Amino acid sequence: MKNYVDLEEETWKLYQEARVSLQDKFCELDRICVENTAKVLAAFWANHVSESHFGSTTGYGYDDAGRDVIERVYAQIFGAEDALVRTQFISGSHALSKTLFGILRPGDLLLSISGTPYDTLHEVIGIIDNPSSLKSFGVLYDEISLANDDFDEEKIVDYLKSHLVKVVEIQRSKGYSSRKSISIDKCQKIIAKIKEVSPKTIVMVDNCYCEFVGVLEPTEVGADVVVGSLIKNLGGGLAPNGGYVVGKKEIIQLVAEALTLPGEGRDVGPTLGVNKAFLQGIFMAPQVVRDALKTNCLASYLLDKLGYQVEPSLLEERVDIVLTILFGNKKDMCLYCEGIQAGSPIDSFVKPIPVDMPGYQDQVIMAAGAFTQGSSIELSCDGPIREPYLAYQQGGLTFESGAIGVLKAVDKIIKARKED
Ligand SMILES: *Cc1c(COP(=O)(O)O)cnc(C)c1O
């Protein structure tokens with residue numbers, strides 16, 4: 001590697017130490033990868049996936065055998081009754097929006113129990129006014145914050161006893177917040193409680209960034225509907241776009257009719273050549289997620305050595321592929337992002353700079369050199385330029401490329417320190 005990547009001696013030394021220290025952690029990640037690979041293969045076997053499923057449809061997309069088999073494979077992997085896996089979902093946010101619009105009716109109440117949802121849902125729900133929001137259709141919304149990074153069970157139970165809640169929404173990954181992401185155990189516990197107090201309430205989980213990080217998915221612990229993005233974990237870096245929704249049959253039906261049109265629902269939707277990428281993507285996903293997690297652990301180790309606070313710390317259990325890094329100043333945050341960009345396969349020669357972005361109060365810096373636009377299963381690092389200068393790193397299609405990106409980023413900081 002030394003012939004190709006110019007790194008300080010100190011960076012090299014830290015990397016060698018990290019490789020030794022991370023061995024046990026990597027063994028555990030390999031074990032989870034084997035479990036999930038077996039889970040995926042079993043779903044391919046049971047559903048007789050064959051080369052004929054790589055075919056494509058155009059126009060209405062009637063009778064697309066590949067699309068049907070992909071959806072059966074997803075349903076089995078998630079232990080769910082049914083699934084909708086479509087290129088017509090632009091991404092995870094769109095799949096979340098369609099799921100909410102599919103289930104909720106005027107007068108219904110939506111309750112988030114993991115605090116304020118992800119930024120892109122604010123205008124969908126009507127937290128920020130938009131004439132096309134759920135709120136504009138008369139859907140009511142309320143939220144309960146987490147308490148000490150866990151569900152506030154007492155408040156949730158009281159709320160469910162005194163209100164008729166149609167949908168409870170749980171967002172597992174932290175988004176641009178400083179909270180911890182939510183483990184499957186915590187989800188299981190609160191879902192059981194919700195079902196006990198209010199059996200008719202639909203539990204919906206935003207599973208973005210969490211798929212295949214552990215061996216259980218939310219539908220396997222009682223969630224009614226689970227939603228995610230194919231330009232994150234389950235696309236395996238190969239899906240060109242898309243989203244998935246898995247869960248109860250009647251819910252998937254409602255979402256399908258919201259995505260296409262009432263009366264045609266899931267029977268239409270041309271696949272336009274994506275079937276092979278979706279199948280190969282989910283096949284690769286356990287390994288890609290493992291490598292993203294190894295990249296995350298390496299960054300966690302190195303940044304800790306350089307004196308930055310990271311979340312999760314190396315010893316903590318991973319729930320998603322995101323690492324929060326507390327830089328404490330703008331200079332280090334920007335240097336790190338520059339290094340991530342410089343180590344990317346695509347657009348390595350451009351320098352990321354903080355810019356104003358629609359929907360954000362502060363300037364945002366984004367480092368990403370990805371094969372697929374906006375794909376955050378590929379190594380990327382971003383964050384708003386404001387106190388306390390938190391950046392969010394995620395992805396890494398292979399551990400080796402992810403590691404080189406992280407080393408280049410760390411090296412930028414080490415070089416700058418030498419100059420000071
Ligand atoms: C990324 C993300 C989304 C949105 O997914 P996109 O594919 O980027 O639209 C939604 N929720 C959470 C928690 C996320 O991290």
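Helices are DSSP runs of H or I with at least four residues, numbered from the N terminus. In the second largest pocket, helix α2 gives the largest share of the lining, five residues. The structure is a predicted model, in which local features need pLDDT of at least 70 and side-chain atom pairs count only at pLDDT 80 or more, while totals for chains, interfaces and linings use all residues. Residues are numbered from 1 along each chain as its sequence is written, and side-chain values use heavy atoms, without hydrogens and water.

**The second largest pocket**

A pocket is an open set of points on a 1 Å grid where a 1.4 Å probe fits, with protein on both sides within 12 Å along at least five of seven lines; lining residues have an atom within 4 Å of a point. Ile-32, Val-213, Gly-214, Glu-317 and Arg-318 lie nearest the centre of this pocket. Both α2 (23–46) and α7 (184–197) supply at least two lining residues each.

| Class in the lining | Residues |
|---|---|
| Nonpolar | nine residues |
| Polar | two residues |

**The largest nonpolar core**

A nonpolar core joins buried (under 20% relative accessible area, 1.4 Å probe) Ala, Val, Leu, Ile, Met, Phe, Trp, Tyr and Cys residues through side-chain atoms within 4.5 Å. The largest has 102 residues, among which Tyr-74, Ile-170, Phe-327 and Tyr-336 touch the most other members. Helix α9 (residues 275–305) contributes the largest share, 14 residues. Because domain 1 (9–37 + 286–419) and domain 2 (53–282) both give residues to this core, it lies between them; the domain bounds come from an automatic or database assignment.

Notes. Buried < 20%, exposed > 50% of the residue type's maximum accessible area, 1.4 Å probe, protein only. Nonpolar A, V, L, I, M, F, W, Y, C, P; charged D, E, K, R; others polar.
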